[in-house]
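Welcome! Let us look at one residue and its surroundings, and then step back to the chain as a whole.

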Amino acid sequence: MKKLSLILLMAILAPTLRAQDVLWYDTPAETWLQALPLGNSHMGAMVFGGTAHEEIQLNDETFWSGGPHDNNSPRSLGRLQEVRDLIFAGREEEAAQIVGEDFIVGPHGMKYLTLGSLMLDFEGVGETQDFYRDLDLRNATAGVSFISGGVKYTRKAFASLADDVIVVRLEADRKGALSFRLSHSCPLPSKAEYDGAALTAHIDPVDHEGIEGKVFAELKAEVKTDGKVSSDAEGVHVSGASYATVFISSATNYVNYHDISGDPSAMISNALAAAEKKSFKKLMKRHVKVYAPQYERVRLELASGENSRLRTDERLDAFYGSDDMGMVSLLFNYGRYLLISSSQPGGQPANLQGIWNNSVDAPWDSKYTININAEMNYWPAEVTNLRETAEPLFAFIRELSETGAITAREMYDCGGWMAHHNTDLWRVAGPVDGPEWGMFPNGGAWLATHLWQHYLFTGDKDFLREWYPVIKGAADFYLDYMQPHPEYGWLVVVPSVSPEHGPMGKNTAMTAGCTMDNQIVFDALSQARDAAKALGVDADYVARLEGVISQIPPMQVGQYGQLQEWIQDGDDPNDEHRHISHLYGLYPSNQISPFSHPELFNAARRTLEQRGDMATGWSLGWKTNFWARMLDGDHAFTIISNMLRLLPAGGGGFGGFGGFGGSDADRARYRNGRTYPNLFDAHPPFQIDGNFGVTAGIAEMLLQSHDGAVHLLPALPSAWAAGSVSGLCARGGFTVSMSWADGALKDAKVKSAIGGVLRIRSAVPLKGRGLKPASGPCPNALYAPAEVRSAASGDGLATPEVYEYDIVTKPGKTYKITKI
């Protein structure tokens, strides 16, 4: 009886569990944006799930065009002062022309490439029944099953985090019914060799923008089966099998940005030899043992409605206006899955498409766009408890600080290091594309804030000591680069741009001292100052930094009540531009607070209202975080709802639909689609940063720790009236779990990793052992508010009514808090 009850309970819970952790479909993928992603950081795979024909498209994180090079202009320094003088004289267009001619000289970054696809063509598979394919986020596996000719065929694939191979298991429930051909297809020049049970593909290097291709890739797949294996010029043939396991590995000769002496054949041979000694069951167990602890650290439970029983693309299409909050949980879990799968220690950081790309000319080359997009990729890393996924980003920053020091010196005669708005596998630090985009000298400093944030989340002084030279170098660049503004007297970044956007009355984005400049400079200098203080070093340097910080232009409120984007009041209240760069100070920084600067907080809200609630997919990810920081959960949920709108898989073009060939009615219906059938974010086209941005935004709605306290449920929307979350991380070394009902906190558990005072902020009164009403300034420097200047005057929004409590914590102890 007990066993029967357990089975019944599991049957009842199964749809809910699957609703938040599984993407599933009842037809094969017809396009890449319907295929399902697997990854182990090194390799990425897109599984189509076909019946008679299966495609598994592959990537290797180090297969890029070009070779070691830089793109520093030898002419910029000679014209730098002329450009500055023109900008200060209001002749920005002339300055932009010089920048385009003598600063941005190319090349403009290399391309992330594809390895092509493995093709499996099956014999004896005709009409099918009971087709099912899925991506199970709990164990990072892609599955396919169907019946054809009375035979049940199943496949299971995963990209092993433990053994650095992709494994595909194929089975038929009738002995000898499995027969197929394995081959390779690639849009790049390549050669495939078939020898016995092995397929080896060699993909040639790719030249780009005058840079000779120096990276060659090798891909190998080997088959183990109980059937017969042969090979010919057409592929590897398996016949009369009941099962087959395909082991896949790839490598390139890339070692690092200045070393391409690697031996891909040896790396592949070692990986395959080790993997093939293990059974499929053991390989799967080893993979899950590494993957699951990362995925399971955080759990978000929201109520799933009837729509949760729909296949994923139908469920997405039905989400808007529904009660299916489990879809939000699925989106959140999927974002964490994608980050685990695309970014692990020892690898490259996730690029504009993570590690997944099927094109020889990916949008924006699938590079690292560091005026927002690459940073957004890593917003979930700390708060959603995936700390190890940030290690590739940190290694990337270290390498960029090396190339960026040369760029700073050669192009601007500055110390420290810098990077502009875009980089690639070769860590180029010079400007690319054009003046409106490329003349952004703040990419390096923005990246360096991730180092400081890691310290704030962990309190790890050994880490801070190791990375202090990089943090300091980002600040040192500005000490040399900033110039006194002849009209205002402030020190400003010049030349610069507010990313991809210009003020009214100007035909260029070229400017001096825009608000984002000033906010990033404030972070770079104050973080270097605070790091030096924490380490007890460089007292004279600290004093110098404090002097420069006092000369940074303050944030200003403009004529329409908005936060000004530029030093002059040039905002258009009807402009809904996707970049809202001047709200960097709201998020990811902590310079705009309802408690310390309500007038700036009010101006930030006005800016958000003017920019509207629709945008590109990645911009919606940022807006989710903005509205969470505005403590407006319902508005943040509106943004999420706008993101969770289906864009059919043909809608991949820059104009919104690309090749989507639906009816006029369908085109109108999906005009604002921002999520593809496989839940990839749609700019459009696909950019993975939107997935990561909204994942961070959902966490930010539930927990904040940037403004003087650990704030529980700061932006809970009315649609999430009841739920729970476990494992989120707060600055100060705290891990937080909470449950809520009727729109209010029920209870919370906070585990302290390093001890120290925990200040809790809540919308409801709380009780707990050792909990005392708080008083005075923030007691913990790891989540202290920023001390910024404001040129704004007048009242802001009413300060939120909250309850604050302090508790002195001990390392390793957990503290329970409940609503009174």
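The side chain of threonine 225 reaches the backbone oxygen of tyrosine 243 at 2.5 Å. All of this comes from a predicted model, so please read each value as computed from that prediction.

| Side chain | Backbone atom reached | Distance |
|---|---|---|
| Threonine 225 | Oxygen of tyrosine 243 | 2.5 Å |

Leaving aside residues up to four places away in sequence, threonine 225 touches Val238, Ala241, Tyr243 and Ala244.

Now for the wider view. The chain's secondary structure consists of 20 helices and 33 strands. With a radius of gyration of 27 Å, close to the 28 Å that the globule rule gives for 820 residues, the chain is therefore as compact as a globular protein of that length. Its C-alpha atoms fill a box of roughly 80 × 70 × 55 Å along the principal axes.

Of the 820 residues, 63% count as buried. The accessible surface comes to about 28,700 Å², and carbon and sulfur atoms account for 49% of that. As for charge, the chain carries 72 positive and 97 negative side chains, with the centres of the two sets 10 Å apart.

Terms used. Residues are numbered from 1 along each chain as its sequence is written. Side-chain values use heavy atoms; hydrogens and water are left out. A polar contact is a pair of N or O atoms within 3.5 Å; within protein, one must be able to donate a hydrogen and the other to accept it, and residues adjacent in sequence count only if both atoms are side-chain atoms. Contact means heavy atoms within 4.5 Å. Helices (H or I, at least four residues) and strands (E, at least two) are DSSP runs, numbered from the N terminus. The radius of gyration is taken over C-alpha atoms; the globule rule is 2.2 Å times the number of residues to the power 0.38. Buried means under 20% relative accessible area, exposed over 50%, partly exposed in between (1.4 Å probe, protein chains only). Accessible areas come from the Shrake-Rupley method with a 1.4 Å probe; for residues, only the protein chains shown count as cover. Lys and Arg count as positive and Asp and Glu as negative; His and the chain ends are not counted. The place of a charge is taken as NZ of Lys, CZ of Arg, CG of Asp or CD of Glu.
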